Amino acid sequence: MPDSTHDTYDHLISLLDSSSVDYRLIDHEPEGSTEAVCALRGHPASEAAKCIVLRVKVDRRTTRHVLAVVPGDRRVDLDAVRTLFAARYVGFSDPETAERLARAVPGTVLPFSFDPDLELVADPDVLDRPKLYFNAARLDRSLLISGADYERLAKPRVERIAGPGEG
């Protein structure tokens, strides 16, 4: 899926440039794990956006896909997402579906949705960050933006969906 990933990266940079947003690109060793990439970039995990694609079964016939964005030192609270959508079941999406909807390989999923079938929900603690880091649809390049600029550009649904950290 290299062509799609390249397109996703280009789409992101085009969006940022056309919006006159201050951002910084950070090149680093290829890494997709939140904890490891935070160490490479030199910041606490709380300043990272952890992006997880979820499968939300509302009822027997209705399945939605949600891109959940939480601080990097926290987990997605699946029960909170289930309650939010009045769903019967919430779980992690299979890798193929996640890659298709996020238009990025695992470990490089952006906190933006460029697919109408992928609903974007961000925890308010992500938006409060003066510095927000995330992989830029590539394992070897990250992006730094403010939480406020992220909210303005991505326009996520803002809900409390972060649970405690990895413990």
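Mentor: Let's start with a cut-off: a residue is buried under 20% relative accessible area, exposed over 50%, and partly exposed in between. Keep in mind that this is a predicted model.

Trainee: Okay, so why is Asp 140 called partly exposed?

Mentor: Its relative accessibility is 29%.

Trainee: Where does Asp 140 lie, and which residues does it touch?

Mentor: Asp 140 lies in the loop between S7 and S8. Leaving aside residues up to four places away in sequence, Asp 140 touches Ile 26, Asp 27, His 28, Glu 29 and Pro 30. Contact here means heavy atoms within 4.5 Å. As for Val 90, it is 50 residues from Asp 140 in sequence, and their C-alpha atoms are 31 Å apart in space.

Trainee: What makes S6 largely enclosed by the rest of the structure?

Mentor: Count its residues: 4 of the 5 in S6 are buried, so the strand is largely enclosed.

Trainee: Which strands does S6 pair with?

Mentor: S6, residues 118–122, pairs in the parallel sense with S9 over 2 bridges. S3, residues 63–71, also pairs with S6 in the parallel sense, over 5 bridges. Two strands pair if there are at least two bridges between them, so the 2 bridges to S9 are enough. Look at Ala 122: its bridge partner in S9 is Val 158, and Ala 122 is also the bridge partner of Val 69.

Trainee: What is the strand order in that open sheet, and why are S5 and S9 said to stand at the edges?

Mentor: The open sheet has 5 strands in the order S5-S2-S3-S6-S9, with mixed pairing. S5 (89–92) and S9 (157–158) each have a single partner strand, so one side of each is left without a neighbour in the sheet.

Trainee: Now helix H2: which of its residues are buried, and how do you know that they sit on the same side?

Mentor: In H2, residues 34–41, the buried ones are Thr 34, Val 37, Cys 38 and Arg 41. They cover an arc of only 105° around the axis, which puts them on the same side of H2. An α-helix has 3.6 residues a turn, so residues three or four places apart point the same way.

Trainee: What do those buried residues pack against, and what comes just after H2?

Mentor: They pack against S1 (24–27), S2 (49–57), S7 (132–138) and S8 (141–145). Just after H2 comes Gly 42, with a positive phi of about 80°.

Trainee: Zooming out, how do you know that the chain agrees with a compact globule?

Mentor: A compact globule of 167 residues would have a radius of gyration near 15 Å, and the chain has 15 Å, so the two agree. Also, 47% of the residues count as buried. Among contacts with a separation of 6 or more, 70% link residues 24 or more positions apart.

Trainee: And what does the UniProt record list for residues 28–153?

Mentor: That unreviewed entry lists "domain: YbaK/aminoacyl-tRNA synthetase-associated" there.

Methods:
Residues are numbered from 1 along each chain as its sequence is written. This is a predicted model: local features need pLDDT of at least 70, side-chain atom pairs count only at pLDDT 80 or more; totals for chains, interfaces and linings use all residues. Side-chain values use heavy atoms; hydrogens and water are left out. UniProt positions are given in the numbering used here, feature names are shortened, and annotations may be inferred rather than shown by experiment. Buried means under 20% relative accessible area, exposed over 50%, partly exposed in between (1.4 Å probe, protein chains only). The arc is that of the directions from the helix axis to the C-beta atoms. The radius of gyration is taken over C-alpha atoms; the globule rule is 2.2 Å times the number of residues to the power 0.38.
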